[in-house]
Amino acid sequence: LYQLPINASGLVGKLANGWSVNSSLTRNSGFPFDATSATQRSRSQTGGPNGGMKRVNLAPGVNHSDITRGTSAGCTILGSTGAVQGVVPAGAKLGTPELFFDPCAFSSATDGNPLALQGLLGTAGRAILYGPNFSNMSLSFVKDSAISALGESGKLQFRTEIFNLPNHPSFGIPFRTVDSAQVAGPRQITSTFSKSRQIQFALKLIF
């Protein structure tokens, strides 16, 4: 909050006095999430036959901190029956809305074998991945004009408020199912946590 140090007189004072500038900046790390399988194979019966955790296997030698950065080694994504669900090309950039995390860092829950992992959870730890960072900056300009008829503290306040000033998108959690055949596909981001830039004007009587 910054009160502009202007104390003019006359008509200039009526226009220039009483202004303040207010701003806020928020930056958060991303929310943790799990990479999952489309099929429940643990037989836990938590939440029904297809409920509960559907963890996938972390591929040997993979460091989970590298799953959302750098580039992918490339792979073919298999579904629960062994059918090909998609191909990730080698060298594809990670951490983008189109390919936020590397599905090639995981073995699907079946690895193309319908009997694989029956009665077992995958080896990937819980919530080892983090979504995109969140940031938001807002700015407002406020002018207070004294109104003696409303008492000592009486004033008319004019406000201009700008939300998400840089108009920066803060992306949501990616589609988490590694071996899904859905159109969105694994690893893609299709939502945002923030709205686009918004500007509003307001008048407020304070007494």
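Where in the chain does N164 lie? N164 sits in the loop between β10 and β11, and I will come back to that loop once the strands around it are in place.

First, the ground rules. This is a predicted model, in which local features need pLDDT of at least 70 and side-chain atom pairs count only at pLDDT 80 or more, while totals for chains, interfaces and linings use all residues. Residues are numbered from 1 along each chain as its sequence is written, and side-chain values use heavy atoms, with hydrogens and water left out.

Now the overall picture. The chain has one helix and 11 strands. Helices here are DSSP runs of H or I with at least four residues, strands are runs of E with at least two, and both are numbered from the N terminus. Read from the N terminus, the order of elements is β-α-β-β-β-β-β-β-β-β-β-β.

Of the 207 residues in the chain, 34% are buried. Buried means under 20% relative accessible area, exposed means over 50%, and partly exposed is in between, using a 1.4 Å probe and protein chains only. The chain exposes about 12,100 Å², and carbon and sulfur atoms supply 56% of that area. Those areas come from the Shrake-Rupley method with a 1.4 Å probe; for residues, only the protein chains shown count as cover.

On contacts, meaning heavy atoms within 4.5 Å: among those with a separation of 6 or more, residues 24 or more positions apart account for 66%.

Five strands form an open sheet in the order β1-β2-β9-β10-β11, with antiparallel pairing. Two strands count as paired if DSSP finds at least two bridges between them. β1, residues 2–3, and β11 are at the edges with a single partner strand each, so one side of each has no neighbour in the sheet. As background, strands of a sheet pair through backbone hydrogen bonds, either parallel or antiparallel.

Take β10 and its two partners. Strand β9, residues 134–146, is joined to β10 by eight bridges, and the two run antiparallel. In that pairing S145 stands opposite L156, and F141 has T160 as its bridge partner.

Is T160 buried or exposed? T160 counts as buried, because its relative accessibility is 13%. Neighbours within four places in sequence aside, T160 is in contact with L139, S140, F141, I199, Q200 and F201.

Back to the loop between β10 and β11. N164 has a positive phi of about 55°, although it is not a glycine. N164 counts as buried because its relative accessibility is 4%. N167 lies in the loop between β10 and β11 as well, and its phi is near 55°, also positive in a residue other than glycine. N167, however, counts as partly exposed, at 35% relative accessibility. For context, most residues other than glycine have a negative phi.

Then the disulfide. The structure holds one, where a disulfide is a pair of cysteine sulfur atoms within 2.5 Å. The pair is C75 and C104, with sulfur atoms 2.0 Å apart. The link of C75 and C104 is left-handed, with -80° about the S-S bond. It ties together distant parts of the chain, 29 residues apart: C75 is in strand β5, residues 75–78, and C104 is in the loop between β6 (84–88) and β7 (106–107). C75 counts as partly exposed at 22% relative accessibility, whereas C104 counts as buried at 17%.

Now the nonpolar cores. A nonpolar core is a set of buried Ala, Val, Leu, Ile, Met, Phe, Trp, Tyr and Cys residues joined through side-chain atoms within 4.5 Å. The largest has 13 residues, and those with the most contacts inside it are A35, V56, I67, F101, F106, L129 and V178. Apart from that core lies another, of six residues, including I77, A92, L94 and L99.

Last, G125, found in the loop between β7 and β8 (129–130). G125 is partly exposed, with a relative accessible area of 33%. G125 and N57 are 68 residues apart along the chain, and 8.9 Å separates their C-alpha atoms.
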